Amino acid sequence: MNHKELINDLKNRNILNNIANEDKLYLLDKNISVYAGFDPTAKSLHLGNYIQIATLLRFKQFGIKPIAIIGGITGMIGDPSFRSSERQYLDEKVLLENKAAIIKQLKSFDLEVIDNLEFYKGWTIVDFLRNIGTLINVNYLLNKENIATRLEQGLSFTEFSYTLLQGWDFKTLYEKYNVKIQLGGSDQWGNITTGLEMIRKLYGEKNDAVAIVANLLLDESGKKFGKSTGGGSLWLDKELTSPYSIYQFLLNQSDEKVNELLNWLTFLDVNEIKQIIIKHNENKAQRYAQKILAYEVVKDIHSKEIACQCKNISDILFSKDKKISSLTLDDISLLKGFLSLYKYNGETFIDFLKNNNIVSSNREAREFISKKTFIIDDFIVNDENTKIEFNNFSKKYAILKKGKKEFFIIQK
């Protein structure tokens, strides 16, 4: 495999946005590295970050070593690119905790991780001004769109310095780690090309540094995909977000988005994806493409076993032929992060519904009961005064189904 095949793959998947410079890329040796940065702004990466991870891993498929940079120093500042206000700064203890957790996550994807704080240890403000400040003209920075868009709202010197630090990261990695390519989203173009400018100043026009930026994957409301949903961020840490939540989020993607998401988020061959979409279009109600998308992404983020478990849970909950009681305690643990959980205090069924706002009134509860809408562990609730029994899941939990699609966990 060569660099041209990589670029063709990125183009075919509609991931590639821009390259500086494509001809130079094709002349690069095989034994080179590419890097992308991740700032420790939270204690876990989220599904939006996974887009960047997956793209790094595509480079690995084509023989280019991927490196993840954890922003030990840039995370103290925050990237101002296209933001309407300055980030809230994290205290050192939180930053260190976040950094340790994210390093562990990145390594779980078999990525080499480097902390950019190492590049600046022992520096004084004079070192910053002499080493970095002399390489970039202020006018050059002011002309960058990601900085210019913040000037009217106000931009602190701290945030203004972010692009300089990211540029110096690229220069340092270029010199010491054989990194020839920096990868980022298209909103990172200004920061990434600052690194190219530093390298040009130091090594001349014939340097072999290249910038590659990906399109921004947007959801149907125009926001960055996967960073947050109506229920909050979709974290990659399964203790913060149940893998089943990610599975269902992807399973519920629209027919209009699923082809794009299969290309961006999975490692299935482009031609195989085309065949999946053809089969999907034969009966869209079956959600064939969404099921493959959800399975593949959860498999790659967590494991094949967890992806199979999510698929099985979904099949049980939404199938007319399978019993809810066939779920396991492990399945309940996954569902806890997705379904609402209510404690049962021995009250009648109708009082339980009202106390937990599952219905808005007694009238609504009785209407649902008369229509046999409520099911607990496969048994239809016919009596509003019945007491909930715990006959499954080690007698600790029960699953309440309301209508066709609403589920709740009841805990004894």
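Setting aside neighbours within four places in sequence, Asp9 touches Arg58, Phe62 and Val270, where contact means heavy atoms within 4.5 Å. This is a predicted model, so local features need pLDDT of at least 70 and side-chain atom pairs count only at pLDDT 80 or more, while totals for chains, interfaces and linings use all residues. Residues are numbered from 1 along each chain as its sequence is written, and side-chain values use heavy atoms, with hydrogens and water left out.

**Around Asp9**
- Asp9 sits in helix 1 (residues 3-12); helices are DSSP runs of H or I with at least four residues, strands are runs of E with at least two, and both are numbered from the N terminus.
- With a relative accessible area of 12%, Asp9 is buried (buried is under 20%, exposed over 50%, partly exposed in between, using a 1.4 Å probe and protein chains only).
- Asp9 and Leu111 are 102 residues apart in sequence, and their C-alpha atoms are 21 Å apart in space.

**Nonpolar cores**
- The largest nonpolar core has 79 residues, and Leu47, Tyr50, Ile53, Ile181, Ile212, Leu250 and Leu262 have the most contacts inside it.
- A second, separate core has 28 residues, including Ile69, Ile132, Phe160 and Val213.
- A core here is a set of buried Ala, Val, Leu, Ile, Met, Phe, Trp, Tyr and Cys residues joined through side-chain atoms within 4.5 Å.
- Beyond its neighbours within four places in sequence, Ile53 is in contact with Phe38, Leu45, Leu106, Phe109, Leu111 and Leu236.

- Five strands make an open sheet in the order 7-11-10-8-9, with mixed pairing; two strands pair if DSSP finds at least two bridges between them.
- Strand 7 (340-343) and strand 9 (379-380) are the edges, each with a single partner strand, so one side of each has no neighbour in the sheet.
- Strand 8 (residues 374-376) pairs with strand 9 in the antiparallel sense over two bridges, and Ile375 stands opposite Ile380 in strand 9.

- Most residues other than glycine have a negative phi, and most peptide bonds are trans.
- Ala20 and Asn21 are joined by a cis peptide bond, with omega about 10°; Asn21 lies in the loop between strand 1 (16-20) and helix 2 (22-26).
- Phe393 isn't a glycine, yet has a positive phi of about 55°; this residue is in helix 19 (residues 393-396) and is buried at 6% relative accessibility.
- Ser394, also in helix 19, has a positive phi of about 55° too, but is exposed at 51% relative accessible area.
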